[in-house]
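Please look through the structure shown here with the sequence beside it. The paragraphs that follow begin with a pair of helices and then widen to the chain as a whole.

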Amino acid sequence: MISFFKRIFFRRKKPTGDNGNFHIQFKEFENSKPLVKHPDADVHKLMILATKIKLKDGYSKAIEFLKDISETYLREGNTALVSCLNKLIPYMRREPSISYKDTKDYLAAIIDKIPVNEPYFLNLHITMADHINSFDTGESIQYLSGVLDMDTLTHHQYSMLIKLADLNIVNQDKKQAGKLLDIARNYIEPCTDRFDKIRRERKWFRTSANLAYKEINETGNTDYLYYLFIEFLLDMARVVNPMNIEDFHKRKDQYFKKERGFADSEKFHSTIKQLNIEDEKETILKQLYGFAFEELPLILGVTKTELYFSPGDKESLIEIRAKKVFYRRPFRELSNIRDWVQKFVSSLVPETT
């Protein structure tokens with residue numbers, strides 16, 4: 001049997017036009033035994049342990065530890081395999097005794113064995129694309145394009161479409177990156193999980209910001225700020241949950257302390273400098289942060305009581321129930337966010353309106 005990896009690189013090429021479309025055909029996931037879903041917290045603890053092993057004994061020992069875990073996850077059909085390999089592969093790249101090809105072959109062998117009835121394992125193709133990109137961006141684009149060309153395009157392939165757009169931006173193919181973003185846009189709406197949908201929207205706006213940054217003109221600069229600010233607001237929206245409101249405040253503090261975010265990034269500094277609003281940087285951040293940290297949670301449906309809740313505060317059963325069902329609410333507030341950002345950016349650069 002020809003491996004999946006060989007089918008990607010050695011299959012007969014189909015004639016294609018320059019329309020940016022993929023060959024789409026339907027494919028059903030095969031039925032097999034139910035898969036194990038590993039609790040995120042347990043995976044996180046193991047990855048922290050791997051980091052400690054690396055710091056104490058070096059990459060080689062940490063790689064050995066992670067490979068053992070990966071083999072167990074693979075036998076179980078455990079979706080935690082993805083997180084484990086996303087830790088392992090970068091470690092293998094940094095270990096001098098392991099070649100690029102050795103790492104590539106190891107990951108290819110894993111991909112050939114992954115269960116086909118769980119779409120989450122498709123993320124391993126992104127792991128492979130990242131590894132190939134460390135050596136050759138063009139080959140990485142070829143690989144991921146081949147994966148998408150062989151499969152049914154559904155919302156399960158969304159992250160791969162975004163990754164492929166990112167790679168095309170790196171490869172200076174802005175036209176193809178734009179086409180891929182247009183295609184990906186069609187695979188956000190079918191997602192019904194509130195926080196997954198916000199995550200997908202954030203990815204789309206982040207890549208759109210990177211694409212806009214490549215346009216060296218005023219329109220590109222204002223578009224960059226527009227997409228960048230929305231991506232930031234969506235990052236905050238992901239942690240707006242009254243059941244765990246402390247996560248929102250932790251992330252807010254990270255932005256204030258500049259441990260997270262774009263405030264000191266070269267791209268942001270360059271953009272506001274080109275727009276001649278560099279002197280307004282602190283005012284811009286104050287207004288943007290004010291909206292994100294004070295108004296956005298209320299727009300998303302969190303009450304002021306929930307927003308400023310502290311452990312030990314009294315709350316009724318009705319309030320507790322309302323907090324518990326928040327995550328079931330569909331995310332429908334993107335238009336509110338876009339409208340606010342559009343007005344805000346226009347106020348910064350009024351001549352572009």
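Axes are lines fitted to C-alpha atoms, for helices over the stretch in contact, and the angles between N-to-C directions run from 0 to 180 degrees. Helices (H or I, at least four residues) and strands (E, at least two) are DSSP runs, numbered from the N terminus. In this predicted model, local features need pLDDT of at least 70 and side-chain atom pairs count only at pLDDT 80 or more, while totals for chains, interfaces and linings use all residues. Residues are numbered from 1 along each chain as its sequence is written, and side-chain values use heavy atoms, with hydrogens and water left out.

The axes of H11 and helix H12 (residues 245-256) cross at roughly 145° and come within 9 Å. On the H11 side, Phe232, Asp235 and Met236 are in contact (heavy atoms within 4.5 Å) with Phe248, Arg251, Lys252 and Tyr255 of H12. Phenylalanine 232 touches Tyr255 and also Phe262, Leu288, Tyr289, Ala292 and Phe293, leaving aside residues up to four places away in sequence.

A nonpolar core is a set of buried Ala, Val, Leu, Ile, Met, Phe, Trp, Tyr and Cys residues joined through side-chain atoms within 4.5 Å, and buried means under 20% relative accessible area, with exposed over 50% and partly exposed in between (1.4 Å probe, protein chains only).

Helix H17 (residues 334-348) has 15 residues and reaches 21 Å from its first C-alpha to its last, close to the 21 Å expected at 1.5 Å a residue, a span defined as 1.5 Å times one less than the number of residues. Its buried residues are Leu334, Ile337, Val341, Phe344, Val345, Ser346 and Leu348, and what covers them includes helices H9 (174-185), H10 (194-213), H11 (218-237) and H14 (281-299).

Threonine 303 lies in the loop between H14 and helix H15 (304-307), and it counts as partly exposed because its relative accessibility is 39%.

Across the protein chain there are 17 helices and zero strands, and 48% of the 353 residues count as buried. The mean pLDDT (the predictor's confidence in each residue, from 0 to 100) is 88, and 86% of the residues reach 70 or more. Over residues 4-33, however, the pLDDT is below 50.
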